[in-house]
Structure formats: structure tokens, C-alpha cells
There are 2 protein chains.
Amino acid sequence: MGRNKEFDTTVVLRKAMEVFGHYGYEGTSLQMLLDGLGIARQSLYDTYGTKKDLFISAVKHYTNEKSAAVVTRLDRPGSVKAAITDIFREIAAALKDEVRRKECFIMHSAIDQVPHVPEIAAFFEQDASRLEEAFYQALVRAYKQGELSDRHNDLRALARYLNHSRYSLTQAAKLTSDPKVLDDIVKVTLSALDS
Amino acid sequence: MGRNKEFDTTVVLRKAMEVFGHYGYEGTSLQMLLDGLGIARQSLYDTYGTKKDLFISAVKHYTNEKSAAVVTRLDRPGSVKAAITDIFREIAAALKDEVRRKECFIMHSAIDQVPHVPEIAAFFEQDASRLEEAFYQALVRAYKQGELSDRHNDLRALARYLNHSRYSLTQAAKLTSDPKVLDDIVKVTLSALDS
DNA sequence: TTTATTCTTGACTAAATGGTCTGAAAAAGA
DNA sequence: TCTTTTTCAGACCATTTAGTCAAGAATAAA
């Protein structure tokens with residue numbers, strides 16, 4: 001009973017990532033949001049709650065999606081180095097794609113709000129520890145499989161570094177439009193795994 | 001002739017870095033600025049111009065100061081690896097210091113504004129190329145001095161990576177309060193220079 | 001003293017802000 | 001048909017925004 005929603009809530013959420021990613025949380029006005037999402041003001045409030053609620057939903061949705069993909073790739077049997085290489089190449093590819101890169105920048109806006117929105121701070125703390133653990137377990141497996149040399153004596157540090165590097169690529173993309181710079185950064189980042 | 005300024009303009013600029021760094025450019029209201037700087041509204045406009053003018057001044061002042069220190073350290077004769085290690089350890093030290101870290105976060109707010117303030121975009125483009133070149137020249141010297149192995153066959157990429165890593169540390173600091181995480185990231189980052 | 005500059009305080013404005021409320025049309029199931 | 005829900009449009013509101021103007025007091029050089 002009752003009329004159905006006319007818009008796909010996750011599609012609209014994706015548009016919200018783009019708007020928030022481009023203008024930041026505070027830099028995005030309600031009007032920009034309405035224009036960007038293509039829905040009426042009341043629909044926004046009915047569906048997502050306040051501007052802050054929508055922002056939090058968008059951040060969580062984006063992060064969960066990306067993190068899940070990373071964890072899945074890390075857990076797949078086979079070469080761990082190949083998995084990590086895939087993960088970083090995929091990020092670089094997304095950031096080089098004129099369309100796909102837009103939503104990635106919500107990460108930057110989200111990190112902005114970490115000191116001011118406790119829910120976001122808690123969420124990222126949880127996400128970071130989850131990802132760090134996934135990288136760590138993968139590295140342990142890599143070591144057992146003989147993919148790492150004795151040079152890599154601190155797998156915990158390496159896991160933290162990889163997760164940080166993953167996050168930081170969007171910052172690099174915001175500072176340069178040259179795809180070669182991005183490739184160079186990824187290349188050297190991955191060289192931390194070389195023997 | 002005429003009354004002298006009662007406040008040190010660069011000291012106040014430093015306070016502006018802290019306020020803008022904590023709340024972001026859009027998240028900072030004029031009232032926050034007045035409270036944080038401890039000067040009257042009219043003094044702000046007389047001395048720095050608009051809010052945006054003040055922001056740009058703060059960003060440039062901070063960046064120039066940091067960049068100059070890095071270039072100076074890189075140009076000093078002796079071990080290049082030691083210089084780079086020093087540079088990163090200094091950043092980590094600043095980010096771990098309860099007081100000093102505050103102004104560092106203006107970097108994050110500045111990067112936020114890159115797509116919206118052409119003057120900031122141009123400034124960072126210039127700063128990045130200057131720093132990249134400084135790192136590159138230092139790496140060439142390192143190679144000549146026998147500090148690098150044949151593994152490091154792309155010094156341009158390495159230079160870009162180092163400059164990016166420098167920038168990205170403030171992002172890492174925003175996401176974690178654990179100083180060990182920061183140390184781990186620096187440690188692995190620097191391992192890119194190992195043979 | 002005269003003149004020029006800076007200081008502080010406070011009033012003021014025009015615009016934009018996020019958010020609420022109302023009302024009516026549209027659509028879908030009971 | 002009746003009920004429920006969604007959608008859109010627009011009015012509305014209290015608050016906040018960045019920025020300006022004015023006026024008087026303080027200070028310092030000419």
C-alpha cells in the first residue's frame with residue numbers, strides 16, 4: 001500500500017558522495033544537495049534525515065563498499081603481493097577515471113569531520129582496525145608462502161603503512177591532475193614489499 | 001607617525017592556522033576567528049583583508065616555512081638519507097606534539113580548497129614542483145655518493161613519492177591518536193630508500 | 001600641538017543558512 | 001473506492017553568515 005519510492009536510495013547516496021566530496025561537508029549547502037541529488041527537499045528529509053545524517057550515511061556506504069572489496073581481495077588464495085598490487089592499481093584506476101574519481105573525494109571530507117562528528121570518528125577507528133588486521137593477516141600468509149624476505153621484520157608496521165597509503169592516494173589525486181604522478185606514487189609505495 | 005600595531009601579525013597568522021586547521025575554511029566562522037586570534041573585527045579586516053585573504057595568507061605562510069626548512073635540510077652536504085630521515089622524523093615529532101600539531105592541520109583545509117580557490121591551486125602546484133625538484137636533486141646526489149642501490153632506478157618517482165608522503169602524514173595524524181602508528185608509517189615510508 | 005594610524009566596541013545590513021510546515025497531486029495496494 | 005505513502009512546490013522561520021560603517025580613545029611621529 002502506498003506509493004513507491006521513485007528514486008533508488010543508493011544511487012542518490014552515490015550522488016551525495018560526489019557533492020560532499022567536491023564541496024566538503026560545510027561547503028555543501030542544502031540547495032547544492034537538492035540540485036545534485038535531483039530530489040525534492042522534503043524527500044531528502046523523509047528519506048535520509050538531516051544534512052548531517054545524509055553525510056554520515058554517504059560516508060559509511062562508500063567506506064563499507066571499498067573496505068569490503070579490499071578484504072575480499074586480500075582473503076582470496078594465491079599471491080598476496082598480487083592481491084595488494086591489484087588493490088592499489090584499482091584505486092589508481094578509479095582516481096584516474098573522470099567519472100569514478102568524483103565520489104572518492106568524500107574520503108577527504110569525511111576525514112575533515114573526524115574531530116567534530118563522534119560517529120564518524122568511531123566509524124573510521126573501527127574501519128581502520130578492520131583493514132589493518134586484514135592487511136596484517138594477509139602479510140602473515142605472504143610470509144608463510146615465502147613472498148616476503150627477512151627484510152620485512154615488522155608486519156604490523158607494514159600493515160598500518162599499507163592501509164594509510166590506501167587512504168592517502170585520494171589526497172594525492174586532489175593535488176595533481178597528472179596520472180603519471182599517481183602511478184609513480186603507487187609504484188614506489190608497492191616497492192615496500194620488494195625483497 | 002600613527003599608532004603602532006599592537007599584535008605581531010605573524011603570531012596572529014599562526015593562530016589563524018590553528019583555527020582554520022581545526023574547523024576547515026568553510027567550518028570557520030568570523031566569530032571563531034575573532035575569538036581565536038584575539039583581535040577586533042576591524043583589525044582583522046584592516047590587516048588581512050577578507051576571510052579568504054586571511055586563509056590564503058595563512059596557508060602560504062605555513063607552507064613556505066615548512067618547504068624552506070625541507071629544502072635547506074636537503075641541500076646541506078652529507079648523507080642524503082640522513083637528511084630525509086631527519087625531515088620525516090621532524091614531521092612526526094611535530095604531529096605528536098600536542099601544541100605544534102594544531103597548525104599542521106591547515107594543510108588539510110588548504111588541500112580542501114584547491115578545487116575552489118585558483119590562487120591556492122596555483123600555489124600548491126608551484127610548491128609541489130619545487131619540493132619534488134629538491135628531493136630529486138638530493139636523490140641524484142645520494143646516488144652519486146653511493147647511498148642508493150641499483151634497485152632505485154627511478155629517482156623521479158621516488159622524489160614524487162617522498163613529497164607526497166610528506167603531505168600525507170598530516171592526514172594520518174588526523175585519523176589516529178596513537179603515536180606508534182605514525183612511527184610505523186614513517187619507518188616503512190623511509191624503507192623505500194633501503195637497498 | 002597637529003596629524004596620521006590603530007585600537008575597540010557596537011550597530012547594521014543583505015544574503016544565505018538548515019530545517020519545518022502545508023497542501024495537493026500521484027501512485028500503489030487493500 | 002478507500003487508504004496509505006511518496007513526491008513536489010512553495011511558503012515560512014529563526015539564526016547565522018561575511019562584511020561595512022561609525023565614533024571615540026589611544027598612541028606615536030612630525
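Start at the N terminus of chain A and the elements read α-α-α-α-α-α-α-α-α-α. That comes to 10 helices and zero strands, where helices (H or I, at least four residues) and strands (E, at least two) are DSSP runs numbered from the N terminus. Taken along the principal axes, the C-alpha atoms of chain A fill a box of roughly 60 × 40 × 30 Å.

Some housekeeping before going on. This is a predicted model, with local features needing pLDDT of at least 70 and side-chain atom pairs counting only at pLDDT 80 or more, while totals for chains, interfaces and linings use all residues. Residues are numbered from 1 along each chain as its sequence is written, chains are lettered from A and ligands numbered from 1 in the order in which they are written, and side-chain values use heavy atoms, with hydrogens and water left out.

Now for what the record says. An unreviewed UniProt entry places "domain: HTH tetR-type" at residues 6–66 of chain A; UniProt positions are in the numbering used here, feature names are shortened, and annotations may be inferred rather than shown by experiment. In the model, that span is 77% helix and 0% strand, and its end C-alpha atoms lie 27 Å apart. The UniProt annotation "DNA-binding region", also from an unreviewed entry, covers residues 29–48 of chain A. Here the chain is 80% helix and 0% strand, with 16 Å between the end C-alpha atoms.

How do the helices pack? Two packed helices are described by the angle between their axes and the distance between the axes. Axes here are lines fitted to C-alpha atoms, for helices over the stretch in contact, and angles run from 0 to 180 degrees between N-to-C directions. Helix α1 (residues 9–23) and helix α2 (residues 30–37) of chain A pack at about 135 degrees, with their axes 9 Å apart. That makes α1(A) oblique to α2(A); angles under 35 degrees count as roughly parallel, over 145 as roughly antiparallel, 65 to 115 as roughly perpendicular and the rest as oblique. The α1(A) and α2(A) crossing is right-handed, a label used if the near helix is turned clockwise from the far one by less than a right angle, with anticlockwise being left-handed.

Which residues of α1(A) and α2(A) make the contact? From α1(A) come Val12(A), Lys15(A), Ala16(A), Val19(A), Phe20(A) and Tyr23(A), and from α2(A) come Met32(A), Leu33(A), Gly36(A) and Leu37(A), contact meaning heavy atoms within 4.5 Å. The residues in this contact of α1(A) with α2(A) split into eight nonpolar, one polar and one charged. For the classes, Ala, Val, Leu, Ile, Met, Phe, Trp, Tyr, Cys and Pro count as nonpolar, Asp, Glu, Lys and Arg as charged, and the others, Gly among them, as polar.

Further along, helix α4 (residues 51–75) and helix α8 (residues 118–144) of chain A pack at about 5 degrees, with axes 10 Å apart. So α4(A) is roughly parallel to α8(A). The contact of α4(A) with α8(A) has 14 nonpolar, three polar and six charged residues.

Finally, bring in chain B. A rotation of 180 degrees with 0.0 Å of shift along its axis superposes chain B on chain A (RMSD 0.0 Å), using least squares on the C-alpha atoms of residues with pLDDT of at least 70 in both. The two copies are thus related as by a two-fold rotation axis. The same surface serves both copies, with 100% of the contact residues of chain B recurring in chain A.
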